[in-house]
Amino acid sequence: MTVAGTVGHGPLAGVRVVELAGIGPGPFAAMLLADLGADVVRVDRPGGSGLAVDPDYDITNRNKRSVLVDLKADDGPARVLDLAERADILIEGYRPGVAERLGVGPETCHARNPKLVYGRMTGWGQQGPLAQRAGHDIAYIALTGTLGMIGAPDAPPAVPANLLGDFAGGSLYLVVGVLAALHHARTTGSGQVVDAAIVDGAAHLAAMIHSMLAAGRWQDRRGANLLDGGCPYYGTYETADGQYMAVGALEKQFYEEFVDLLGIPEHASAHKDPARWDALREAVAARFKTRTREEWTAVFEGSDACVAPVLSLSEAPQHPHLAARGTFTDHGGITQPAPAPRFSATPTSVRGGPAQPGADTEDVARDWNVPRLLKGAPE
């Protein structure tokens with residue numbers, strides 16, 4: 001059954017995207033394009049992907065449509081090429097060379113559609129000694145130096161889920177890349193390949209830190225710097241109820257308001273004196289332990305002290321600010337982040353729930369004029 005309203009509105013309305021099903025950063029990038037209004041057709045494989053979430057709950061497949069194609073079948077590549085011929089963008093996340101072996105690589109697709117933007121999502125990239133090796137987010141960010149800079153100095157590096165590599169260094173750079181290439185294709189009539197490697201994106205995210213390192217303003221070790229927990233007024237502190245508050249009172253005026261509301265005004269002059277930071281950290285930690293997270297939230301409410309409660313995933317949608325902005329939305333019984341960013345003239349929305357594998361084959365075959373998608377269709 002087709003999910004109504006999946007072909008919709010937003011700044012990318014009218015853009016057609018083919019997503020060759022994968023896991024992690026590829027589907028998330030395609031979801032972002034779909035959220036922005038693109039008509040995203042996900043080509044699912046029979047049997048699904050190894051680490052995939054239950055299709056009923058996989059919100060990375062929202063706002064999309066799905067067709068089922070076995071690329072290893074005799075007519076599988078031809079079906080995908082029919083879609084690629086009518087698409088603006090194609091996204092794949094195989095290891096280098098796999099798409100070529102399956103018959104849907106860039107050269108073959110561009111022979112059918114010279115304007116196609118062919119987006120490739122990998123961890124290691126299309127070239128290099130590790131290009132053919134398996135990997136996951138944690139290994140990619142480990143090699144770029146980004147993992148090594150996160151966490152306490154006397155503990156192992158902290159693992160930031162798979163947000164920093166897969167989605168920040170991977171998906172977002174792929175989306176930027178394919179949209180830039182789409183602009184180029186519409187200007188020149190020529191498509192191209194976008195090689196989005198998580199190692200490249202994760203390294204690029206640390207550009208400011210590398211600047212600070214070069215300027216002698218950053219020490220190449222954990223917990224020794226302004227933004228990595230080394231600074232006592234930029235970090236997290238436990239409260240009386242075992243919860244946490246986040247502090248980011250970097251600027252002098254914010255810091256002064258912070259120590260005043262916290263009740264340690266005698267430490268106001270410690271702001272730019274690292275020799276006093278250990279004592280300051282102990283004082284801040286001791287004060288936060290005297291009240292609960294809810295009580296401290298009330299203390300700092302309405303201030304510019306740059307202090308916020310550390311909320312869980314299930315608590316976040318209920319926060320008054322996020323609720324007022326509609327940062328989260330409910331669709332199909334699933335609470336989920338709303339599309340971002342926001343547009344004044346071409347608003348976005350969650351138009352359809354997670355695409356079910358193969359459920360939209362008839363509609364896509366009609367809308368994209370690809371009769372070969374249907375079983376028994378003539379060659």
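## Arg291 and the ring of Trp296

Arg291 lies over the face of Trp296, 4.9 Å from the ring centre. A charge counts as over a ring when NZ of Lys or CZ of Arg is within 6 Å of the ring centre and within 35 degrees of the ring normal. The model is a predicted one, in which local features need pLDDT of at least 70 and side-chain atom pairs count only at pLDDT 80 or more, whereas totals for chains, interfaces and linings use all residues. Residues are numbered from 1 along each chain as its sequence is written, and side-chain values use heavy atoms, with hydrogens and water left out.

## Aromatic pairs and cluster

Trp296 belongs to one aromatic cluster, together with Tyr233, Tyr237, Tyr255, Phe258, Trp277, Phe288 and Phe300. Across the whole structure, a search finds eleven aromatic pairs. Rings of Phe, Tyr and Trp (its six-membered ring) pair if their centres lie within 6.5 Å; planes under 30 degrees apart count as stacked, over 60 as edge-to-face and the rest as tilted. The pair of Tyr233 and Trp277 is edge-to-face, because the ring centres are 5.8 Å apart and the planes stand at 85°. Tyr233 lies in the loop between helix H8 (207-214) and strand E7 (234-238), while Trp277 lies in helix H10 (residues 277-288), so the pair ties together parts that are 44 residues apart in sequence. Helices (H or I, at least four residues) and strands (E, at least two) are DSSP runs, numbered from the N terminus. Tyr233 and Trp277 are both buried, where buried means under 20% relative accessible area, exposed over 50% and partly exposed in between (1.4 Å probe, protein chains only).

Phe258 and Phe300 form a stacked pair, with 6.1 Å from centre to centre and 25° between the planes. Phe258 in helix H9 (residues 252-262) and Phe300 in helix H11 (residues 293-300) are 42 residues apart, and their pair links distant parts of the chain. Phe258 and Phe300 are also buried.

In strand E5 (residues 117-122), six of six residues are buried. Val117, Gly119 and Met121 point one way from E5, and Tyr118, Arg120 and Thr122 point the other way.

E5 runs parallel to strand E4 (residues 89-92), to which four bridges join it; two strands pair if DSSP finds at least two bridges between them. E5 also pairs in the parallel sense with strand E6 (residues 192-197), over six bridges. Arg120 takes part on both sides: Arg120 is the bridge partner of Glu92 and stands opposite Asp195 in E6.

## The second largest pocket

The second largest pocket holds about 650 Å³ of space. On a 1 Å grid over the protein atoms alone, a pocket is an open set of points where a 1.4 Å probe fits, with protein on both sides within 12 Å along at least five of seven lines; lining residues have an atom within 4 Å of a point. Grid points are joined across faces, edges and corners, and the volume is the space filled by probe spheres set on the points.

The lining comprises 23 residues, of which Asp228, Gly229, Tyr234, Gly235 and Thr236 lie nearest the centre of the pocket. E7 gives the largest share of the lining, five residues. The lining residues divide into twelve nonpolar, six polar and five charged. Ala, Val, Leu, Ile, Met, Phe, Trp, Tyr, Cys and Pro count as nonpolar, Asp, Glu, Lys and Arg as charged, and the others, Gly among them, as polar.
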